[in-house]
Amino acid sequence: MDYKKLCNELLGHSEKIRYVGVYNSYSGDVYENTQGGITRHFDPEQTKKSMTQAIMRWKTRKQFSAEIGDPEFAMTRYGKVNRVTMACGKDGLLMFSTEIDVHLCDIIDDVTKIVNRYIAESEDADGSRNIRT
């Protein structure tokens with residue numbers, strides 16, 4: 001899956017999306033981008049730490065998949081941003097943040113459709129594996 005292209009498409013979808021990052025659990029690579037003209041709240045080291053914590057929380061959520069199903073997304077509203085985490089194919093974990101003044105459910109639905117399109121396009125081509133637990 002072309003994570004860099006996905007990040008750019010998601011940013012282009014809505015000016016209310018501030019940041020998009022994807023962690024590839026197979027390679028350990030992080031692909032990220034921010035909306036032009038915004039001031040970042042995190043420096044690169046804080047971003048890396050935040051992504052690492054999100055990965056740990058996602059793995060915890062997946063522990064209960066047999067009982068209640070796989071997690072689809074998790075969202076947190078902070079004072080300055082909304083942050084959403086969701087699976088991105090078999091190897092990826094997507095994290096994006098938005099401005100506070102959005103209809104978050106609409107953005108999540110749109111992002112899910114875009115991500116699912118990328119997954120469908122790359123399902124047979126990328127040799128994906130599951131997020132390591």
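A crossing of two helices is left-handed if the near helix is turned anticlockwise from the far one by less than a right angle, and right-handed if clockwise. In this predicted model, local features need pLDDT of at least 70 and side-chain atom pairs count only at pLDDT 80 or more, while totals for chains, interfaces and linings use all residues. Residues are numbered from 1 along each chain as its sequence is written, and side-chain values use heavy atoms, with hydrogens and water left out.

The crossing of α1 and α4 is right-handed. Helices (H or I, at least four residues) and strands (E, at least two) are DSSP runs, numbered from the N terminus. The axes, lines fitted to C-alpha atoms over the stretch in contact, come within 11 Å and cross at roughly 150 degrees, on a scale from 0 to 180 degrees between N-to-C directions. The two helices are therefore roughly antiparallel (over 145 degrees).

Residues in contact (heavy atoms within 4.5 Å) are listed below.

| Helix | Range | Contact residues |
|---|---|---|
| α1 | residues 3–13 | K5, L6, E9, L10, H13 |
| α4 | residues 104–122 | D110, V111, I114, V115, R117, Y118 |

In α1, Y3, L6, C7, L10 and L11 are buried (under 20% relative accessible area, 1.4 Å probe, protein chains only; exposed is over 50%, partly exposed in between). Seen down the axis of α1, these residues fall within an arc of 130 degrees, so they line one face of the helix; the arc is taken from the directions from the axis to the C-beta atoms. K4 and G12 are exposed on the other side of α1. The buried residues of α1 pack against β1 (17–24), β2 (30–34), β4 (82–88), β5 and α4.

Strand β5 (residues 92–98) includes T98, which counts as buried because its relative accessibility is 0%.

Notes:
Angles under 35 degrees count as roughly parallel, over 145 as roughly antiparallel, 65 to 115 as roughly perpendicular and the rest as oblique.
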